[in-house]
Amino acid sequence: MSGTTVIRAAALVAMTALAAGCQSTGTDEAAAPAGSSTPAAPSADPEAAPAVTTSPVSSPSPATAANTVAVCSTVDKLIITKSKEIAAGSASATRRELTPEQINAEVKSDLADLADDVRGQAARATDPEIKALITATAKQIDAGADSATPVKWLSSTFVGIPQRLSEQCRV
């Protein structure tokens, strides 16, 4: 894969994830109630972490609900911000004439930073299901950072993370 192809792929993936993250994450009357979920489709990517499913539970307390909203919102913002950074880095890589290996190293670093930030939000979560969801998300992002081809991982796995979070990270 040429350097230009890698750069374009990284930018496209980052923008796709950004667009998915910008979708409405507010409460929706048609949305599934808290604690319910539909199993995620299995990923063809062997480096992808397993999808997290949750089971129905009683209604959270107002404090837990407020914490969940704050944690989920912060994770969304982290993913959007990092997606923008990856897209900007991809554009910059063109000007700097980076090799595919250098681009992969930058993407790995960005993903490792994002995983650490997401893990920090998991530690803040008071709802055990949300904590498990955010922890699994951090592990999934770690898998991308550890991938031999993080740009490929972005297009196969990362793009699904914002959608899954918007479906499952709710009060």
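**Salt bridges in the predicted model**

Arg 119 and Asp 116 sit three residues apart in helix 3 (residues 100–124), and are therefore separated by about one helical turn; helices here are DSSP runs (H or I, at least four residues), as strands are (E, at least two), numbered from the N terminus. The model is predicted, so local features need pLDDT of at least 70 and side-chain atom pairs count only at pLDDT 80 or more, while totals for chains, interfaces and linings use all residues. Residues are numbered from 1 along each chain as its sequence is written, and side-chain values use heavy atoms, with hydrogens and water left out.

The structure contains four salt bridges, each defined as a side-chain nitrogen of Lys or Arg within 4 Å of a carboxyl oxygen of Asp or Glu. One of them joins the side chains of Arg 119 and Asp 116 (3.1 Å, N to O). Arg 119 is partly exposed at 32% relative accessibility, and Asp 116 is partly exposed at 46%; buried means under 20% relative accessible area, exposed over 50%, and partly exposed in between (1.4 Å probe, protein chains only).

Arg 119 also forms a salt bridge with Asp 142, with the closest N and O atoms 2.9 Å apart. Asp 142 belongs to helix 4 (residues 128–146) and Arg 119 to helix 3, so this pair ties together parts that are 23 residues apart in sequence. Asp 142 is partly exposed, at 23% relative accessible area.

Helix 2 (residues 62–96) holds Lys 82 and Glu 85, three residues apart, about one turn of the helix. Their side chains meet in a salt bridge (2.9 Å, N to O). Lys 82 is buried, with a relative accessible area of 9%, whereas Glu 85 is partly exposed at 39%.
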